[in-house]
Amino acid sequence: MNQYLSIRAVRTMLRQVIEMTESPEAVERMEAIDRELEAFHNTGVDFKEVVDNLDDSILIADAQGTVLYINPAYTRNTGITDADVLGKDIYTLIGTDKLFTGGAVPIVLST
């Protein structure tokens, strides 16, 4: 996760997802996460430590769709492990018979 991740980059991506999301509840939750990230950034807390301890599932992919990181909550919440996705092209993981069948992943990737 290290060099691929910065709070600023994650917050930018999060705000892009918020703009595309139609569910008021999802928007509210993502805005709360954005505020929490800003607060953590301002305190100088290590970002990886924060992400690793969230209850929310976090998957980070680069611009080409290569999965770089999933946090422990992602595995707890979905059953999908590092071995299932790290280094793989996320576009090959989407479909009715694949790991990602719905949710935010296909929406984010379509933009």
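How accessible is Glu 36, and is this residue buried, exposed or partly exposed? Glu 36 has a relative accessibility of 33%, so it counts as partly exposed.

## Model and count

The structure is a predicted model. The count of salt bridges in this model comes to 3.

## Arg 15 and Asp 34

One of the salt bridges joins Arg 15 to Asp 34, with 3.4 Å between the closest N and O atoms. This pair connects distant parts of the chain: Arg 15 sits in helix H1 (residues 7-20) and Asp 34 in helix H2 (residues 24-43), 19 residues apart.

The two partners fall into separate accessibility classes. Arg 15 has a relative accessible area of 34% and is partly exposed. Asp 34 has a relative accessible area of 11%; because buried means under 20%, Asp 34 is buried.

## Arg 29 and its partners

Arg 29 takes part in a salt bridge with Glu 36, where the closest N and O atoms are 3.9 Å apart. The cut-off for a salt bridge is within 4 Å, so this pair is counted. Arg 29 is partly exposed, at 36% relative accessibility.

The side chain of Arg 29 also meets that of Asp 56 in a salt bridge, at 2.4 Å from N to O. Here again distant parts of the chain are linked: Arg 29 belongs to helix H2, while Asp 56 lies in the loop between helix H3 (47-52) and strand S1 (59-61), 27 residues apart.

## The network

Which residues are linked in a network of salt bridges? They are Arg 29, Glu 36 and Asp 56. Arg 29 is the residue that bridges to Glu 36 and to Asp 56.

Note on methods. Residues numbered from 1 in each chain as written. Predicted model: local features only at pLDDT ≥ 70, side-chain atom pairs only at ≥ 80, totals over all residues. Heavy atoms only, no water. Helix = DSSP H or I, 4+ residues; strand = E, 2+ residues; numbered from the N terminus. Buried < 20%, exposed > 50% of the residue type's maximum accessible area, 1.4 Å probe, protein only.
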